[in-house]
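Subject: Structure handover

Hello,

Here is the structure I said I would pass on. My notes on what was found in it follow below.

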Amino acid sequence: MTAARHHDAQSAELRNAARYITRRRWFNHTTAAVVLAFGVGFPGTAHAAAFDAQRISEDPFTLGVASGDPLPGSVLLWTRLAPRPYEPDGGLPPRRVTLRWEVAHDPRFTRVVRRGSAVAHPELHHSVHCEVTGLVADRTYYYRFRAGRWISATGRTRTAPAPFSSVGALRFAAVSCQAYHHGYFTPYRHLADEELSAVLHLGDYLYEHPVSPVGGARRLTGRPLPAHFNRETLTLADYRQRYGLYKTDPDLQAAHAAHPFVLTWDDHETENNYAGDAPGGSRPTEEFLLRRASAYRAYWEHQPLRLPQRPRGPDMRLYRRLRFGRLAQFDVLDTRQYRSPQAYGDGWHLPGPQSQDPARTLTGAGQERWLIDGWRASHARWHVLAQQVTFARRRRTPVPPYAVSMDAWDGYPASRSRVLAGAEAAGVDRLLVLSGDVHVSYGFDLKADWDDPDSRTLGTEIVTTSISSGGNGTARPANWAALTTANPHLRHYDGRRGYALITLDEQRMRADFRTVTAVTTPSAPVATAASFVSEGRAPGLQPV
């Protein structure tokens, strides 16, 4: 079947499923669960028949291992059994497989502290999410899985510090935007060698766009990629197979094995620039919600996320809070699922009545209340807001008319003002916003009055560049002079690929922008493009 014919068949499949849904009935989650993926539900009381792991004849750990969302006495371990990751079923029959896991103090597993078993259900694409408890706070551990005679790669993880404990320093990384077809994931190879407590992934882990037989800009040699990758993802099977492609990348596997990840999504894990229930394209809402349900489910199946994040139909509670002793509180946001549609049809526009409507929201009212209430109850010194899109005002030109992005917080200025006012009312005086999305790195001061460069600085924003999206990039993109002139609070701008390293201590924040020379060829070196510090009680980025 040609790619065009298959795309038409997928569209027909979505339309047929959508016939069973009306706008009134969709939010009945029982209906959504039944319709989701056209009958594929979560494991229930009637389990699939068992399959003996000893009968697995090929390495089932082709997608690596991962850990995530560290707590003081617990970590979440993930893997998925897929002897043939490019095939729809991953190379396993539709039967449940029991595997074992173990956690140790040392990488040779001579001092095992916890072990157990887990069932890889076919309904969850043979993925497992193991919540390991009873661990010591603020401690490095090593873990691995066994399935029959096969042993996974060894992963390294770390628990969070104990509640209210004193933490001298915390070092973590921020990453985003990894289009497989735009280049190699080389920054991850270097990230795996960093000493970190966690990696914050700020979205666009996967792209819905087609991937050619040679992997786009990767220009792979040898056996071409299967044809089913060379089309847009629409169905649950599509999203599952696309994760199967991405997670075979050795550099991504190395980073996951080296550090616990704290993840949130942006738009491309589902569809470009969608907003709440509104698709980024022209599909009917019912069809889009089916697509969103499939995308959300595949995301949970393939990420180290805990049970509270498991989706129900097209809904998934991804926003959550992590604490690292008394030093830092991380509030992880979802700025896609609950937002108002972009004003003026999206893109860059002049601010106006639509975008400035105070009823508009980027977070949704519930998430906004949760965020501000969490700040009020916090005893942390630093408050880190991990989210997706540029928070600071960002004008495109230094002279009028001043267009801004309707997809970023600039398109929702009342929502941004409420968040900043909530932080100030809660006494948050060390605010750090982390963002991704734009495939460049920025460093912003967050101003009380964007029109007055001398106004009070309320916090700082570090925008991490992409891992690969956008290709190699350049240190000074074509609009570098215009953007830096138009935005006096913009302290750093670089267009190359890489990641951001953040170090927090009691007194200051340090940001190191790490970049690679290329992603269209593998194994490029990494270097620090720029470093900045911001003092806790006198925020503002200062070059080191």
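In these notes, contact means that heavy atoms lie within 4.5 Å of each other. The model is predicted.

I start with helix α8, which covers residues 413–425. Its buried residues are Ala414, Ser415, Arg416, Val419, Leu420, Gly422 and Ala423. Those buried residues pack against α7, β15, β17 and β19. The 13 residues of α8 should span 18 Å at 1.5 Å a residue, and the end C-alpha atoms are 18 Å apart, so the two agree.

As background, strands of a sheet pair through backbone hydrogen bonds, either parallel or antiparallel. β15 and β17 run parallel and are joined by four bridges, with histidine 383 having leucine 431 in β17 as its bridge partner. β17 and β19 also run parallel, with five bridges between them; valine 433 stands opposite glutamate 461 in β19. Strand β18 (residues 441–447) and strand β19 (residues 457–463), by contrast, run antiparallel and are joined by six bridges. Aspartate 445 stands opposite threonine 460 in β19.

How many residues of β17 are buried? Five of its five residues are, and the strand is mostly covered. In a regular strand the side chains alternate between the two faces of the sheet. In β17, Leu431, Val433 and Ser435 point one way, while Leu432 and Leu434 point the other way, and all are buried.

Helix α7

Gln367, Glu368, Trp370, Leu371, Ile372, Gly374 and Trp375 are its buried residues. The cover over them includes β12, β13, β15, α8 and β17.

A pair of helices

Two packed helices are described by the angle between their axes and the distance between the axes. For helix α4 (residues 236–246) and helix α6 (residues 285–301), the axes come within 8 Å and cross at roughly 30°. The crossing of α4 past α6 is right-handed. On the α4 side the contact is made by Leu236, Tyr239, Arg240 and Tyr243. They meet Arg291, Ser294, Ala295, Arg297, Ala298, Tyr299 and Glu301 in α6. The residues of this contact divide into six nonpolar, one polar and four charged.

An exposed phenylalanine

Is phenylalanine 164 buried or exposed? Exposed means over 50% relative accessible area. Phenylalanine 164 has 57% relative accessibility, so it counts as exposed. Phenylalanine 164 is found in the loop between β8 (155–158) and β9 (169–175). Neighbours within four places in sequence aside, phenylalanine 164 is in contact with Gly325, Arg326 and His379. The C-alpha atoms of phenylalanine 164 and arginine 323 are separated by 9.1 Å, although these residues are 159 residues apart along the chain.

Strands β22 to β24

The last item is a further set of paired strands. Strand β22 (residues 508–516) and strand β23 (residues 526–535) run antiparallel and are joined by nine bridges. Arginine 508 has glutamate 535 in β23 as its bridge partner. β23 also pairs with strand β24 (residues 542–543) in the antiparallel sense, over two bridges, and phenylalanine 532 stands opposite proline 543 in β24. β23 and β24 form a hairpin with six residues between them. Glycine 540, in the turn, has a positive phi of about 145°.

Regards

How values were computed:
Residues are numbered from 1 along each chain as its sequence is written. This is a predicted model: local features need pLDDT of at least 70, side-chain atom pairs count only at pLDDT 80 or more; totals for chains, interfaces and linings use all residues. Side-chain values use heavy atoms; hydrogens and water are left out. Two strands pair if DSSP finds at least two bridges between them. Axes are lines fitted to C-alpha atoms, for helices over the stretch in contact, and angles run from 0 to 180 degrees between N-to-C directions. A crossing is left-handed if the near helix is turned anticlockwise from the far one by less than a right angle, and right-handed if clockwise. Ala, Val, Leu, Ile, Met, Phe, Trp, Tyr, Cys and Pro count as nonpolar, Asp, Glu, Lys and Arg as charged, and the others, Gly among them, as polar. The expected span of a helix is 1.5 Å times one less than its number of residues. Buried means under 20% relative accessible area, exposed over 50%, partly exposed in between (1.4 Å probe, protein chains only).
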